[in-house]
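Please brief me on this protein model.

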Amino acid sequence: MKNLLSKKLGLLILTTTLPFLILLKDADLTNKDSLIYTLGSITGFVGTVTLLWQFILGTRFASKWISNDQSSLLKLHKNLGIYGTLFVFAHPILERVARFTDPSWILKITFINEIEKHISFGRIALILIMIIWISSAALRGKIKYRPWLYIHYLSYPAMLMVFLHALDIGHVLESYPIIKFGWLLAMFSYIALLASRLLFAAGYFKQKFEVESINKISKDIYEISLNILVDPEAFQFSPGQYIYLQLKSFGESHPFSIVSYNDGTLKLAFKAYGDFTNRLSGLTSGSIVYIDGAYGNFTEQSQDKDLSKLIIAGGIGATPFVTFINEFGTSDDLLIYSCRYEDEFIQEQEISKKLDKNFVKIVTENKATQRLSLTKLKKILKQRNFHPDGSHVLLCGSNRFMKDVRQMLIKLGFDKDVIFTEEFSF
Ligand SMILES: Cc1cc2nc3c(=O)[nH]c(=O)nc-3n(C[C@H](O)[C@H](O)[C@H](O)COP(=O)(O)OP(=O)(O)OC[C@H]3O[C@@H](n4cnc5c(N)ncnc54)[C@H](O)[C@@H]3O)c2cc1C
């Protein structure tokens with residue numbers, strides 16, 4: 001499903017870059033310089049289209065019309081950023097070779113005349129895109145989330161510079177009215193998207209909720225209840241989905257799985273982890289927050305009561321399962337829910353109601369119940385007579401937990417294709 005979406009979108013993106021091959025029509029393919037010059041133009045256009053797609057896929061406001069699966073869209077956005085950007089880098093290199101200038105020409109910012117001014121818009125864009133690319137492709141694991149995010153915002157001015165760069169220089173836009181039309185259309189679409197994105201960040205097109213209560217259930221786990229301020233029907237979700245929550249206009253938006261939504265009351269559970277979740281834990285009754293969503297398709301293929309389901313949750317990774325078990329769980333399904341301490345389990349009663357004896361609780365800090373291992377998992381499945389054939393596995397927890405459990409499941413004979421996971425970071 002996820003692969004299919006990526007393949008279809010990949011094909012669509014590829015198709016939107018193909019029209020630029022028309023430039024080859026006028027190139028003298030037997031002449032090396034002519035070919036390099038044309039390839040320079042093509043890589044510039046293809047790079048821009050790639051950047052625009054990247055922007056669309058990274059903008060929830062727009063990308064939700066393509067798919068609800070933000071995680072797959074963001075993965076594609078990331079891959080386009082890492083690999084598609086190589087066209088952007090190839091463009092000035094080929095242009096320089098075609099113009100017989102020295103390498104320093106590529107980054108020489110000067111505004112001495114109209115042509116140089118427009119070339120320099122491209123140079124500024126190139127520098128900004130290089131900074132973003134290095135921070136994402138090479139340093140993402142080494143720098144913290146926020147510095148990386150702020151560097152990412154450089155893409156806004158970079159894109160504007162890219163569009164301005166091609167106007168009034170070169171003959172391509174003048175010689176091919178259709179390409180000029182496409183270019184202007186892309187530029188105005190970008191400006192419209194940017195404006196919508198700003199409005200979205202300001203809180204427009206989102207639902208306002210008021211905090212009803214916030215309860216600390218363990219050292220760092222909280223449950224929060226929020227009441228919608230408009231018609232309860234205005235918010236819809238499917239079990240396993242998540243929302244983005246924003247504490248104030250132009251503040252950060254963070255994803256949280258929906259624990260439940262009934263009669264206009266939305267329940268979430270979270271672990272106070274870093275800056276945002278600590279601020280969230282400090283909210284008081286009556287505070288207003290902005291919410292957009294719901295997003296995601298984690299449980300979509302497993303929403304069938306006749307299907308036997310093995311659900312494995314690690315710590316706060318149980319949140320997507322509460323409503324799912326309530327709506328689609330049966331006593332044939334099996335939940336293995338592991339937390340470090342006894343007081344960290346959320347909505348225990350709600351969950352155990354449906355699953356009866358098939359709710360296996362593991363408290364890892366308790367010596368009596370060992371942490372989940374291959375031997376333990378095998379034993380649990382055997383005791384409960386749970387067989388891999390024809391079943392689905394739903395897995396959510398820390399990345400480390402999911403990686404370990406996934407390996408165990410594969411060793412126990414579960415097919416990779418029936419193991420569905422939800423990552424709590426993009
Ligand atoms: C689909 C999904 C559902 C989630 N559901 C829950 C839940 O039900 N309960 C819960 O406690 N946590 C949930 N999370 C995780 C939660 O969003 C992060 O713990 C939180 O955003 C961390 O922010 P922070 O500032 O407190 O911590 P930080 O220390 O700033 O961030 C910790 C890590 O969280 C990730 N992160 C931070 N901000 C974002 C963001 N805006 N988008 C995506 N990832 C981000 C980054 O990998 C970062 O390194 C979910 C995450 C995702 C992607």
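Of the 426 residues of the protein chain, 33% count as buried. Buried means 20 or more other C-beta atoms within 10 Å of the residue's own, exposed means 12 or fewer, and partly exposed lies in between, with C-beta atoms placed from the backbone. This is a predicted model: local features need pLDDT of at least 70, side-chain atom pairs count only at pLDDT 80 or more, and totals for chains, interfaces and linings use all residues. Residues are numbered from 1 along each chain as its sequence is written.

**Overall build**

- The protein chain has 14 helices and twelve strands. These are DSSP runs numbered from the N terminus: helices are H or I with at least four residues, strands are E with at least two.
- Along the principal axes, the C-alpha atoms fill a box of roughly 75 × 50 × 35 Å.
- Among contacts with a separation of 6 or more, 69% join residues 24 or more positions apart. A contact requires C-beta atoms, placed from the backbone, to lie within 7 Å.

**Domains**

- The domain assignment gives domain 1 (2-202), domain 2 (207-295) and domain 3 (301-422). Such bounds come from an automatic or database assignment.
- The C-alpha centres of domain 2 and domain 3 are 25 Å apart.
- In this pair, 13 residues of domain 2 are in contact with 15 residues of domain 3.
- On the side of domain 2 that touches domain 3, S2 and strand S6 (265-271) each supply at least two residues. S6 gives the largest share, three residues.
- That side of domain 2 divides into seven nonpolar, four polar and two charged residues. Ala, Val, Leu, Ile, Met, Phe, Trp, Tyr, Cys and Pro count as nonpolar, Asp, Glu, Lys and Arg as charged, and the others, Gly among them, as polar.

**Nonpolar cores**

- The largest nonpolar core has 53 residues, and Ile 311 and Leu 335 have the most contacts inside it. A core is a set of buried Ala, Val, Leu, Ile, Met, Phe, Trp, Tyr and Cys residues joined through C-beta atoms within 7 Å.
- This core lies between domain 2 (207-295) and domain 3 (301-422), because both give residues to it.
- A second, separate core has 26 residues, including Val 49, Leu 76, Leu 80 and Phe 121.
- Beyond four places in sequence, Leu 335 is in contact with Ile 311, Ile 325, Ile 351, Leu 355, Asn 358, Phe 359 and Val 360.

**Helix pair H2 and H7**

- Helix H2 (residues 32-57) packs with helix H7 (residues 155-166) at an angle of about 145°, and their axes are 11 Å apart. Axes are lines fitted to C-alpha atoms, for helices over the stretch in contact, and angles run from 0 to 180 degrees between N-to-C directions.
- The crossing of H2 past H7 is left-handed. That term applies if the near helix is turned anticlockwise from the far one by less than a right angle; clockwise is right-handed.
- H2 brings Thr 48, Leu 51 and Phe 55 to the contact, while H7 brings Ser 155, Met 159 and Val 162.
- Four residues of this contact are nonpolar, two are polar and none is charged.

**Two residues of strand S2**

- Ile 224 sits in strand S2 (residues 221-228). Ile 224 is buried because it has 22 C-beta neighbours inside 10 Å.
- Glu 223 is partly exposed, with 17 C-beta neighbours inside 10 Å.
- Not counting residues up to four places away in sequence, Glu 223 touches Asn 215, Ile 217, Lys 267, Ala 269 and Ile 346.

- Most residues other than glycine have a negative phi, and most peptide bonds are trans.
- The peptide bond from Gly 293 to Ala 294 is cis, with omega near 10°. Ala 294 is placed in strand S7 (residues 288-295).
- Phe 250 has a positive phi, near 65°. Its place is the loop between strand S3 (242-246) and strand S4 (253-257). Phe 250 is exposed, with 9 other C-beta atoms within 10 Å.
- Asn 385 has a positive phi of about 60°. Asn 385 lies in the loop between helix H13 (374-383) and strand S11 (391-396). Asn 385 counts as exposed, with 8 C-beta neighbours inside 10 Å.

Technical notes:
Contact = placed C-beta atoms within 7 Å.
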